[in-house]
Amino acid sequence: MRLAVLPLVLAAASGAVTKHEYEVRNKQDCHTEYQARKGDILTVQYDAFLQDGTKFNTTEGYEPLNIVLGDGAVLPHWEEGLLGTCAGEQVVMVVTEDTQKLFYIMAVDVITRILKAAPTSNHHYGILLHSQGKCPEANKIKIGSLVTMNTTARIPNLLYLKYPEKFPNSNVPTKIGEKGALGVKVDESIDTVRAGVSDIIQGWDLGIARACEGEQRKIMMSVDMAYGAAGAFRVIPPQVPLVLDVDIMKVENFAGLAASEDSRSPRRN
């Protein structure tokens, strides 16, 4: 993805940006707790166009772009446009460089927030000036890692959700919604899964990527990154975003252990 970021960096270095304007589409009206803030990791899909309509950059066919808000890795006006967005929203931006206009369409798929960093080691206490080190590779989530985590799932913008007890085969719940509500808790479970191999829904996988054992993360994801049009039978209705609070309990980077199955947890069936 270095090539995808390169035009953004070059534009900043050239000093040619004179004006920018943007609008947010597909508004989700999420709670302020779920809006992107500095320090959050945003998983973004984007297309970039020249004034004549030529697409000069894209994430299509590549991994999505991961942006840490506030670290200065992208243009300041990108950060401005993405700050305060909700998962599932789209930022459309026009940047004028002298007489040339550039057009960007950015889709915010997942917002990941580190709530609690992994505990630091006291092995060299009193010797090292800075005790906070990097996460040991053995404790870092990679593709294929066996991860045990406690996960609480919540559907934002809902006040009430209940499936009819008299009709156990019905997948149509009674819902009461409110824009900006924290949402309804629909599941809490301890799961052991393989990371990065489609064992869990895509937004969940992206949200725990590169996490360290002992970390706690909040993962806000769009409808498409959650259960989409299908939903999860009598747990997650169709076409709803999802918020997960995840406690990374254990990370094992060796093969041989099978992932447990739980039909009530927010996992891919």
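Predicted model: local features only at pLDDT ≥ 70, side-chain atom pairs only at ≥ 80, totals over all residues.
Residues are numbered from 1 along each chain as its sequence is written. Local features need pLDDT of at least 70, and side-chain atom pairs count only at pLDDT 80 or more.

**Stop 1: the cores.** Select M149, W204, I208, M221, I236, L242 and I248. Of the 31 residues in the largest nonpolar core, these touch the most other members. Such a core joins buried Ala, Val, Leu, Ile, Met, Phe, Trp, Tyr and Cys residues through side-chain atoms within 4.5 Å; buried means under 20% relative accessible area (1.4 Å probe, protein chains only). Now colour strand 12 (242–252). Strand 12 gives this core its largest share, five residues. Apart from this core lies another, of 26 residues, including C30, Y34, L69 and M93.

**Stop 2: the cavity.** Select Q28, C30, Y34, C86, A87, P156, N157, M220, M221, P241, L242 and V243, which line the largest cavity. Its volume is about 90 Å³. A cavity is a set of points on a 1 Å grid where a 1.4 Å probe fits but cannot get out; lining residues have an atom within 4 Å of a point. By class, 10 lining residues are nonpolar, two are polar and none is charged.

Stop 3: Go to the second largest pocket, of about 410 Å³. A pocket is an open set of grid points with protein on both sides within 12 Å along at least five of seven lines. Select E63, I143, G196, L206 and A209, the closest to its centre of the 17 lining residues. Then show helix 3 (residues 202–208), which gives the most to this lining, with three residues.

Terms used
Heavy atoms only, no water. Points joined across faces, edges and corners; volume = space filled by probe spheres on them. Helix = DSSP H or I, 4+ residues; strand = E, 2+ residues; numbered from the N terminus. Nonpolar A, V, L, I, M, F, W, Y, C, P; charged D, E, K, R; others polar. Buried < 20%, exposed > 50% of the residue type's maximum accessible area, 1.4 Å probe, protein only.
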